[in-house]
Amino acid sequence: MEIPGDDEIRALHERYAPGEAAFEAVWTHCVIVSEIAERIMDGAGLAVDADLVRAGCLLHDLGVYRLYGPSGTIDYSRYVRHGVLGHEILRDEGFPEEICRFCSCHTGVGLTRDDIVRQRLPVPAGDYVAVTGEERLVMYADKFHSKTDPPTFVSAAAYAGRVRRFGEEKVSVFEAMRESFGEPDLGPLMEKYGHALA
């Protein structure tokens with residue numbers, strides 16, 4: 001499998017972004033998630049493909065662009081769809097399933113068919129759960145940064161609190177990832193990007 005490089009991925013973002021503000025928000029978030037994943041890999045000595053992790057981080061939120069309306073704002077009522085929308089974009093661009101899954105399998109700590117049916121989510125019924133070490137790492141790194149306005153970094157404790165509203169089993173999934181990967185040192189990234197900790 002050929003893994004796309006940074007320039008190819010950035011070009012995809014530029015092509016699908018509906019404007020400069022959207023591009024800056026989504027691309028910067030993806031770059032930050034990639035840097036968080038690198039910190040985790042450096043500290044944990046994981047047996048994962050670092051190039052694949054980087055590509056997954058840089059691509060995971062591509063579907064967000066399809067949620068921007070004409071006014072330049074995101075339709076948050078359909079935000080849960082951004083993963084499957086990104087998967088569709090990458091599939092239509094000819095990427096293999098191993099790459100497409102970084103989009104569809106990073107939402108929350110994974111969406112199961114039961115979650116979708118029980119919560120009546122606007123997503124095709126199925127299991128969108130990270131399986132490989134690379135998918136799990138991209139999903140986990142993503143939890144530590146938010147594209148809110150203004151963007152913020154998120155502590156592990158804060159994320160655990162957020163995901164609790166979806167059930168204690170989701171907290172358990174997050175805590176298992178936390179145990180596997182450890183907590184990234186966000187301090188240098190907060191200083192680099194000037195984003196506060198939520």
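1. The sheet. In this predicted model, three strands form an open sheet in the order β1-β2-β3, with mixed pairing. Strands are DSSP runs of E with at least two residues, helices are DSSP runs of H or I with at least four residues, and both are numbered from the N terminus. Two strands pair if DSSP finds at least two bridges between them. β1 and β3 (196-197) stand at the edges with a single partner strand each, so one side of each has no neighbour in the sheet. β1 is joined by 2 bridges to β2 (residues 152-153), and these strands run antiparallel. Ser146 stands opposite Thr152 in β2.

2. Basis of the values. Residues are numbered from 1 along each chain as its sequence is written, and side-chain values use heavy atoms, with hydrogens and water left out. Local features need pLDDT of at least 70 and side-chain atom pairs count only at pLDDT 80 or more, while totals for chains, interfaces and linings use all residues.

3. The largest pocket. A pocket is found on a 1 Å grid over the protein atoms alone, as an open set of points where a 1.4 Å probe fits, with protein on both sides within 12 Å along at least five of seven lines; lining residues have an atom within 4 Å of a point. The largest pocket holds about 870 Å³ of space, the volume being the space filled by probe spheres set on the points, which are joined across faces, edges and corners. It is lined by 29 residues, and Tyr79, Thr107, Gly108, Tyr159 and Arg165 lie nearest its centre. The elements that give two or more residues to this lining are α6, β1 (145-146) and α8 (156-163). α8 gives the most, with 3 residues. By class, the lining of the largest pocket has 11 nonpolar, 10 polar and 8 charged residues. Here Ala, Val, Leu, Ile, Met, Phe, Trp, Tyr, Cys and Pro count as nonpolar, Asp, Glu, Lys and Arg as charged, and the others, Gly among them, as polar.

4. The second largest pocket. This pocket holds about 270 Å³ of space. Among the 16 residues that line it, Ala21, Ala25, Tyr68, Gly72 and Ile74 are the closest to its centre. The lining divides into 10 nonpolar, 4 polar and 2 charged residues.

5. Helix α5. Of the 8 residues of α5, 6 are buried, where buried means under 20% relative accessible area, exposed over 50%, and partly exposed in between (1.4 Å probe, protein chains only). The buried residues are Ile99, Cys100, Arg101, Phe102, Cys103 and Ser104. They pack against α3, α4 (82-92) and α7 (133-142).

6. His106. This residue is found in the loop between α5 (97-104) and α6 (113-119). His106 counts as buried because its relative accessibility is 2%. Its side chain and that of His82 are joined by a polar contact of 3.0 Å; such a contact is a pair of N or O atoms within 3.5 Å, and within protein one must be able to donate a hydrogen and the other to accept it, while residues adjacent in sequence count only if both atoms are side-chain atoms.

7. Gly63. Gly63 lies in the loop between α3 and α4, and at 0% relative accessibility it counts as buried. Leaving aside neighbours within four places in sequence, Gly63 is in contact (heavy atoms within 4.5 Å) with His82, Leu85, Gly86 and Ile89.
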